[in-house]
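This report is written to be read beside the sequence and the 3D view.

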Amino acid sequence: MFCVQIAEVLIAIENRYAFTERLCADYIVDVPPDECSFLVSVTPEEIAAENSDGGTFSPAYCESLAIYRKICTRMLNYDAFLLHAAVISHAGRGFAFAAKSGTGKSTHIAQWMRALGDGVTVVNGDKPILRWRSGEGDGARDLRPGEFIAYGTPYCGKENWGQNASVPLHAVCFIERCEPGEPDRLSRLEDDGEIVARIMNQILMPNDPVLAARQLDLLDRLVSGVPFYVLRCTPTPAAFDAAFQMTL
């Protein structure tokens, strides 16, 4: 057993395989398990279920996935949830990029790193946590509005792009492949229904009705408080120029 801190929440993890502890090395804290907010463990059946679609992953890797699934579900009790996206930090602001597998999300993030060098860092390349932080209040009302903070996690994709860091979320962008000959184009999403339909494919919706209600409430705050965009592009350096308009 070991303890980690993710999105400022202390979590005790009861693991069978050393892989999970190695994966979480940058997040491990020297805290007794009984001082953590909650404990996570998984059964052999839950580990095996991560291979239920015919995968050939090792039990150690499957354990890490099952543990993170439970962590993300429990995080809803702390106004936090998983967003399947890559989050970069530029000028103190976070930009999340979500896309279907094979669309070119990693290629696009690499373009930001190539173009901006030290001016951009990858907070998490695949599975960050977003946590709602309310403004400082007097008990009756907030003195300033809240915001979502994007946090790095040990689960950062096959490129292993990420760090134990956080950044206020400034915008969310869905990446789509454009048709041959179509110019790269960034457009603002204004239809809340379309935003919700798109974002539902990037989250982990719990089965528990109470937690599901929490997730929907957090999505409502996200949709109403953060601008959403669609970037139609090809995975080339030119796409960076279109996407960079979000920062302006």
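**Salt bridges**

The structure is a predicted model, and it holds eleven salt bridges. Among them is the pair of glutamate 8 and arginine 133, whose closest N and O atoms are 3.3 Å apart. This pair links distant parts of the chain, since glutamate 8 lies in the loop between strand 1 (2–6) and strand 2 (9–14), while arginine 133 belongs to strand 8 (residues 129–133), 125 residues apart. Glutamate 8 is partly exposed, with a relative accessibility of 46%, and arginine 133 is likewise partly exposed, with a relative accessible area of 33%.

Two further salt bridges are formed by aspartate 126 with lysine 127 and by lysine 158 with glutamate 159. The table sets out the closest N and O atoms for the three pairs named so far.

| Salt bridge | Closest N and O atoms |
|---|---|
| Glutamate 8 and arginine 133 | 3.3 Å |
| Aspartate 126 and lysine 127 | 2.6 Å |
| Lysine 158 and glutamate 159 | 3.5 Å |

How accessible are the partners in the other two pairs? Aspartate 126 is buried, because its relative accessible area is 13% and buried means under 20%, whereas lysine 127 is partly exposed at 27%. In the other pair, lysine 158 is exposed, with a relative accessible area of 78%, and glutamate 159 counts as partly exposed at 28%. Elsewhere, salt bridges that share partners join Glu176, Glu182, Glu194, Arg198 and Arg232 into one network.

**Patches on the surface**

Which residues gather in a patch of negative charge on the surface? The patch consists of Glu190, Asp191, Asp192 and Asp220. One of these, aspartate 191, lies in the loop between strand 11 (185–189) and helix 5 (192–199), and aspartate 191 is partly exposed, with a relative accessible area of 44%.

At 34% relative accessibility, valine 196 counts as partly exposed.

**Two single positions**

Threonine 247 is placed in the segment after helix 7 (238–243). Is threonine 247 buried or exposed? Threonine 247 is buried, because its relative accessible area is 8% and buried means under 20%. Leaving aside neighbours within four places in sequence, threonine 247 is in contact with His90, Arg93, Phe95 and Trp112.

Alanine 48, by contrast, is partly exposed, with a relative accessible area of 48%, and alanine 48 is found in helix 2 (residues 44–49). How far apart in space are alanine 48 and glutamate 63, C-alpha to C-alpha? The two residues are 8.3 Å apart in space and 15 residues apart in sequence.

Technical notes
Residues are numbered from 1 along each chain as its sequence is written. This is a predicted model: local features need pLDDT of at least 70, side-chain atom pairs count only at pLDDT 80 or more; totals for chains, interfaces and linings use all residues. Side-chain values use heavy atoms; hydrogens and water are left out. Patches are made of residues with over 30% relative accessible area and no salt bridge: like charges are joined within 9 Å, nonpolar side chains (Val, Leu, Ile, Met, Phe, Trp, Tyr) within 5 Å. Accessible areas come from the Shrake-Rupley method with a 1.4 Å probe; for residues, only the protein chains shown count as cover. A salt bridge is a side-chain nitrogen of Lys or Arg within 4 Å of a carboxyl oxygen of Asp or Glu. Lys and Arg count as positive and Asp and Glu as negative; His and the chain ends are not counted. The place of a charge is taken as NZ of Lys, CZ of Arg, CG of Asp or CD of Glu. Helices (H or I, at least four residues) and strands (E, at least two) are DSSP runs, numbered from the N terminus. Buried means under 20% relative accessible area, exposed over 50%, partly exposed in between (1.4 Å probe, protein chains only). Contact means heavy atoms within 4.5 Å.
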